[in-house]
Number of protein chains: 2
Amino acid sequence: MAYEQLKLENQVCFRLYTAARLTMGAYHPYLDPLGLTYPQYLVMLVLWEQDKQPVNDIAHKLLLETNTVTPLLQRMEKAGWIKRTKGKEDSRQRIVSLTEKGVEMREQAKHIPECLSADIIKNAGSAEEIMQMIPTLDKLIEGLKHTTHNK
Amino acid sequence: MAYEQLKLENQVCFRLYTAARLTMGAYHPYLDPLGLTYPQYLVMLVLWEQDKQPVNDIAHKLLLETNTVTPLLQRMEKAGWIKRTKGKEDSRQRIVSLTEKGVEMREQAKHIPECLSADIIKNAGSAEEIMQMIPTLDKLIEGLKHTTHNK
DNA sequence: TTAATTTATATCGTTCACGATGCAAAATTA
DNA sequence: TAATTTTGCATCGTGAACGATATAAATTAA
């Protein structure tokens, strides 16, 4: 009976993995004009919520490793949306702050969440049903955050 | 208050993206000994379910592009788990089949789904609650599968 | 104070994921 | 049959993710 579970259709993780990829794809029409990738958009969300944060705080909020975030930030700096300055008290830190361009982008990005909701409702039915997954996803994330291979 | 929706905590996609990454991380203890990555494991699932499939069928089942799957298969062939042969009727096709080594691996992988269920229950509470997301995830996937940027 | 350890970030190598493009074999149309 | 289009797969370039490792600054211990 164990073989039965080895079927693709019985795999929750495959669905999460696929849903995440496709949902990220749904952001493309809105992020492409801004020149942002989805992970870069996440960084912008973090910075719009609070400017001037060390790399570590950003990585922590996104549940990513710094070796993922650092190159991400380097590309974003090159694009002119953020800058990275040495920390004053702790000079190991790199403080990430928005440039003027980065601040202005917030206005253009303002409607992305509603656009996405609309798209999802149009294509995948009820947004409510999707929102109902949030507490479960949060529990899952919280539970797996500190397992062996996730830190 | 459009800005409110720009908060990270209000984003469903971020949760999907994170849950997918962390769940994939939870597979590591079981896949590492076999030398498999998670996407490679997915390919093995597809082939264990039905051997000898063209690249396109595999890509289609995993909802991936062939330009993602092709290099994946090349690495798996080099590892000795699969082989790729020219199609008989249609010589454009590459038929992917399991090697002896690939077939044997199924036995070792047999218990991975149960192990993962156990891990999730231990760390993230109820597996039932997680299973309840499946219909919603399926609707989401089905709905987004054929949008502009997802083909 | 000096030495050992921890912390914050960066670099490197490998593997996805995917848009764009290329190419040859098949299918379709003229 | 010849020309055109489509299809199946591959290659290339870019941007994540992440394990492993490196480095310098801060912290702690000796």
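Predicted model: local features only at pLDDT ≥ 70, side-chain atom pairs only at ≥ 80, totals over all residues.
Residues are numbered from 1 along each chain as its sequence is written, chains are lettered from A and ligands numbered from 1 in the order in which they are written, and side-chain values use heavy atoms, with hydrogens and water left out.

Let's start where the chains meet. Here 65 residues of chain B are in contact with 66 residues of chain A, contact meaning heavy atoms within 4.5 Å. The size of an interface is often given as the accessible area lost when the parts come together. For chain B and chain A this buried area is about 6,700 Å², with 70% of it on carbon and sulfur atoms; the value is the accessible area (1.4 Å probe) that two parts lose on being put together, summed over both.

What holds charged partners in view here? The rule finds four salt bridges across the interface of chain B and chain A, each being a side-chain nitrogen of Lys or Arg within 4 Å of a carboxyl oxygen of Asp or Glu. R15(A) and D138(B) form a salt bridge, and their closest N and O atoms are 2.7 Å apart.

On the side of chain B that touches chain A, the largest share, 18 residues, comes from α1(B). Helices (H or I, at least four residues) and strands (E, at least two) are DSSP runs, numbered from the N terminus.

Now turn to chain A and its strand β3, residues 94–98. Four of the five residues in β3(A) are buried, that is, under 20% relative accessible area, while exposed means over 50% and partly exposed lies in between (1.4 Å probe, protein chains only). Strand β2 (residues 82–86) of chain A pairs with β3(A) in the antiparallel sense over five bridges, and strand β1 (residues 53–54) of chain A also pairs with β3(A) in the antiparallel sense, over two bridges. Two strands pair if DSSP finds at least two bridges between them. Look for I95(A) in β3(A): P54(A) stands opposite I95(A), and T85(A) stands opposite I95(A) too.

Finally, find E129(A) in helix α8 (residues 127–131) of chain A. Is E129(A) buried or partly exposed? E129(A) has a relative accessible area of 22%, so it counts as partly exposed. Leaving aside neighbours within four places in sequence, E129(A) is in contact with T136(B) and K139(B).
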